[in-house]
Amino acid sequence: SSSPDCNLKLSQEKKEIVSALKSLNQNQRDLIEFAYFRGFTQSELSEHFNIPLGTVKTRMRAAMIQLRDKLKNLVS
């Protein structure tokens with residue numbers, strides 16, 4: 001079973017991740033959520049959202065950079 005300290009740390013990390021996701025603009029957040037939580041490929045995202053594949057790649061890259069910067073303190 002998990003220790004209370006471990007559970008508290010996981011809870012805080014979850015809050016930081018949710019906050020980082022909320023900091024993205026809606027277009028970026030939609031792409032990240034569909035890709036990472038629903039398993040869409042970049043080609044599928046392009047079709048689903050009716051945007052060019054290059055735009056999907058650009059938005060996802062920008063979103064990942066922003067998330068990395070916001071969450072850099074979580075990686076030890």
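Does Asn 7 count as buried, partly exposed or exposed, and at what relative accessibility? At 40% relative accessibility, Asn 7 counts as partly exposed, a class lying between buried (under 20% relative accessible area) and exposed (over 50%), with a 1.4 Å probe and protein chains only. Asn 7 belongs to helix α1.

The model is predicted: local features need pLDDT of at least 70, side-chain atom pairs count only at pLDDT 80 or more, and totals for chains, interfaces and linings use all residues. Residues are numbered from 1 along each chain as its sequence is written, and side-chain values use heavy atoms, with hydrogens and water left out.

**Confidence.** The average pLDDT (the predictor's confidence in each residue, from 0 to 100) is 91 for the protein, and 95% of the residues score at least 70. Helix α1 has the lowest confidence, with a mean of 85, whereas helix α3 (residues 42–49) has the highest, at 98. Helices are DSSP runs (H or I, at least four residues), numbered from the N terminus.

**Helix packing.** Helix α1 (residues 4–23) packs against helix α4 (residues 53–71) at an angle of about 145°, and their axes are 9 Å apart. Axes here are lines fitted to C-alpha atoms over the stretch in contact, and angles run from 0 to 180 degrees between N-to-C directions. The crossing of α1 past α4 is right-handed, that is, the near helix is turned clockwise from the far one by less than a right angle. On the α1 side, Glu 16, Ile 17, Ala 20, Leu 21 and Ser 23 make the contact (heavy atoms within 4.5 Å); on the α4 side, Gln 66, Leu 67, Lys 70 and Leu 71 do so.

**Nonpolar core.** A nonpolar core is a set of buried Ala, Val, Leu, Ile, Met, Phe, Trp, Tyr and Cys residues joined through side-chain atoms within 4.5 Å. The largest one has 14 residues, and those touching the most other members include Leu 24, Val 56 and Leu 67. At least two residues each come from α1, α2 (26–37) and α4, and α4 gives the most, with 5 residues.

Leu 67 touches Ala 20, Leu 21, Leu 24 and Ile 32, residues up to four places away in sequence not being counted. Val 56, in helix α4, is buried because its relative accessible area is 0%. Leaving aside neighbours within four places in sequence, Val 56 is in contact with Leu 31, Gln 42, Leu 45, Ser 46 and Ile 51.

**Separations of two residue pairs**

| Pair | Apart in sequence | Apart in space, C-alpha to C-alpha |
|---|---|---|
| Asn 7 and Arg 29 | 22 residues | 26 Å |
| Val 56 and Ser 46 | 10 residues | 6.2 Å |
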